[in-house]
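The sequence and structure come first.

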Amino acid sequence: MTDKNWELGAVSTHPQHRNRGYATMICSFAAKYILENKKQVTCSTKIDNYPMQNVMKKIGMVKQ
């Protein structure tokens, strides 16, 4: 996190509650808050973390 960039990080869902959209909802909520505060939303994840990559795509983030 910097003065200009705020990062979504350490997002996880308990295995019994996965595939219900919870991570997408919380990331969407947090991203909206970040944007409302005139900051850039960033997210770093491992190259093989496909669930998080899918969440980021769902909320409109793109790879850079």
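## Cysteines

The sulfur of C27 lies 6.7 Å from the closest cysteine sulfur, that of C43, which is too far for a bond. A disulfide is counted when two cysteine sulfur atoms are within 2.5 Å, and the structure holds zero disulfides.

The surroundings of the two residues can be stated by accessibility. C27 is buried, with a relative accessible area of 1%. C43 is partly exposed, at 23%, because a residue counts as buried under 20% and exposed over 50%.

## Confidence of the model

The model is predicted. Mean pLDDT for the protein is 93, and 98% of the residues reach 70 or more. Confidence is lowest in strand β1 (residues 5–8), where the mean is 94, and highest in helix α1 (residues 22–36), where the mean is 97.

## Helix α1

Helix α1 has 15 residues. From its first C-alpha to its last it reaches 21 Å, close to the 21 Å expected at 1.5 Å a residue.

Which residues of α1 are buried? They are A23, T24, C27, A31 and I34. These residues cover an arc of only 95° around the axis, so they are on the same side of α1. The buried residues of the helix pack against β1, β2 (40–43) and α2. On the face turned away from the buried side, α1 carries the exposed residues F29 and K32.

In soluble globular proteins, nonpolar side chains tend to be buried together. In this model the largest nonpolar core has nine residues: L8, A23, C27, A31, I34, V41, M52, V55 and M56. Two or more residues of this core come from each of α1 and α2 (50–58). The most come from α1, which gives four.

One member of the core, A23, touches V11, T13 and V55 when residues up to four places away in sequence are not counted.

T13 is placed in the loop between β1 and α1. T13 is buried, with a relative accessible area of 18%, a value that falls under the 20% cut-off. With residues up to four places away in sequence not counted, T13 touches R18, Y22 and A23.

A10 is also found in the loop between β1 and α1. Is A10 buried or exposed? A10 counts as exposed, at 84% relative accessibility. A10 has a positive phi of about 55°, although it is not a glycine.

K38 has a positive phi of about 60° and is not a glycine. K38 is exposed, with a relative accessible area of 73%.

How values were computed:
Residues are numbered from 1 along each chain as its sequence is written. This is a predicted model: local features need pLDDT of at least 70, side-chain atom pairs count only at pLDDT 80 or more; totals for chains, interfaces and linings use all residues. Side-chain values use heavy atoms; hydrogens and water are left out. pLDDT is the predictor's confidence in each residue, from 0 to 100. A nonpolar core is a set of buried Ala, Val, Leu, Ile, Met, Phe, Trp, Tyr and Cys residues joined through side-chain atoms within 4.5 Å. Buried means under 20% relative accessible area, exposed over 50%, partly exposed in between (1.4 Å probe, protein chains only). Contact means heavy atoms within 4.5 Å. The expected span of a helix is 1.5 Å times one less than its number of residues. The arc is that of the directions from the helix axis to the C-beta atoms.
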